[in-house]
Amino acid sequence: MTVKINEYYLLLKGNYIFAEIAERVENYQTEHPQANIIKMGIGDVNKPLTHAVIREFQNAVKEMSKADTFHGYGPEQGYQFLIEEIIKNEYKPRGIELNENEVFISDGAKCDTGNIQEIFSLNNKVAVTDPVYPVYVDSNVMAGRTGSMNKDGRYQNLTYLPCTEENKFVPELPNSNIDLIYLCYPNNPTGTTLNKEQLREWVDYAKDNKSIILFDAAYEAYIQEKNIPHSIYEIEGARDVAVEFRSFSKNAGFTGTRCAYTVVPEEIMGYDVHGHTHPLNSLWKRRQTTKFNGVSYPVQKAAMAVYSSEGKNEIKELINYYMKNSAVIRESLKNIGLNVYGGVNSPYIWTKIPKNMNSWDFFDLLLDKAHIVGTPGVGFGPSGEGYLRLSAFNTLKNTKEAMERISNLSF
Ligand SMILES: *Cc1c(COP(=O)(O)O)cnc(C)c1O
């Protein structure tokens, strides 16, 4: 007997970018033990959970220790207490009405954005922005929806929507019929946003073409400007065409604690081969109740504390801290004449690399000359070549030190 593997896994691009970065940094550090390396590459927060969150987390853990307050399996879709707070605090204030059965609590937006493609046929045409959060692409590769990768770094059956300086990082509507469109705003990696009018064009496209938008709003809490939508449901008609992914990872530091949620409005329909409609909400519910057994009770309690008045203040402080770093990075890079994008409504700064140097050459130069680690833009897709991502997830002290070092370089 020989066990056959899922061969689509063989189509994945080898050497995941963050592994490659880690290897280069480790090699450099071994050769230069004195170098004080500042890491501005990684997309992980560095501040601990806040007091309000920790207190509820601990209380809930204590409850688990007593028979009369112990919790076993909870609802797969999440506890009512958390769903209610999400609707009340995230959506109601923006004029968005959601039913409780439209919110699905999960252990991560990464998991949800990776899993959602399961409920769609393999025959759907998929579009992603380029550069892009790699999960959307790789989960479709694994499912067999993309074919193999061309020499230019693009998968055969995937539509890429370039986002570059030339189009000010606003993707153009596809000129062919696309079924599933992944959008992420504020964007990782570019840190750029779409305003309401720009996002409305996508909702209108989806309505006209019977497409579905998979909208990742993991960085929603970083939005500072007025005309930037926090939720796609702020756009009229989006309930018919959009699924929204949110997470407690980047706003409340839950990257190691794990809690997120996905909104699937009851109106969104998919079609079977006979042309009959089926609500996506039922399919996603079936998927989650079958393959997922809910987020742990203490974690959901901890997430709920994000919505207490103390919690809200603490979260605001966290975001302000990172946004100050963002501003420091933006200003410093601008001052040395670089073209800088993002960082206004997001913790990521995307910079054009001077002198037509490529992403990895510039990565090596920064590491060698300034002992700073960024993320090469090309790791997020072919249109990221020639760019570098810096993240604001660091201490203010390190951020300032890093910017001083960069300012002393001459390109
Ligand atoms: C960090 C991040 C997430 C959050 O993932 P979790 O699994 O909730 O930690 C989702 N989408 C994007 C684009 C991200 O950068």
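Mentor: We may begin with the second largest cavity: helix H11 (359-370) and strand E15 (387-391) each supply at least two residues of its lining. Helices (H or I, at least four residues) and strands (E, at least two) are DSSP runs, numbered from the N terminus. Please note that this is a predicted model, in which local features need pLDDT of at least 70, side-chain atom pairs count only at pLDDT 80 or more, and totals for chains, interfaces and linings use all residues. Residues are numbered from 1 along each chain as its sequence is written, and side-chain values use heavy atoms, with hydrogens and water left out.

Trainee: What volume does the second largest cavity have, and which residues line it?

Mentor: Rolling a probe the size of a water molecule over the atoms shows where empty space is left. On a 1 Å grid over the protein atoms alone, a cavity is a set of points where a 1.4 Å probe fits but cannot get out, while a pocket is an open set with protein on both sides within 12 Å along at least five of seven lines; lining residues have an atom within 4 Å of a point. Points are joined across faces, edges and corners, and a volume is the space filled by probe spheres set on them. Here the second largest cavity has a volume of about 30 Å³, and its lining includes Leu 333, Phe 362 and Leu 388.

Trainee: Where does the largest pocket lie?

Mentor: Domain 1 (7-48 + 310-407) and domain 2 (55-307) both give residues to its lining, so the largest pocket lies between them. The domain bounds come from an automatic or database domain assignment. This pocket has a volume of about 750 Å³ and is lined by 34 residues, with Lys 13, Tyr 16, Pro 134, Asp 138 and Gly 379 nearest its centre. Helix H5 gives the largest share of the lining, seven residues.

Trainee: How much area do domain 1 and domain 2 bury between them?

Mentor: The size of an interface is often given as the accessible area lost when the parts come together. Buried area is that loss (1.4 Å probe), summed over both parts. Domain 1 and domain 2 bury about 3400 Å² between them, 61% of it on carbon and sulfur atoms. In domain 1, Asn 345, Phe 380 and Ser 383 lose the most area to domain 2.

Trainee: How many salt bridges are counted between domain 1 and domain 2?

Mentor: A salt bridge is a side-chain nitrogen of Lys or Arg within 4 Å of a carboxyl oxygen of Asp or Glu. The count between the two domains is one. Glu 310 and Arg 55 meet through their side chains in a salt bridge (2.6 Å, N to O).

Conventions. Buried area = accessible area lost by both parts, 1.4 Å probe.
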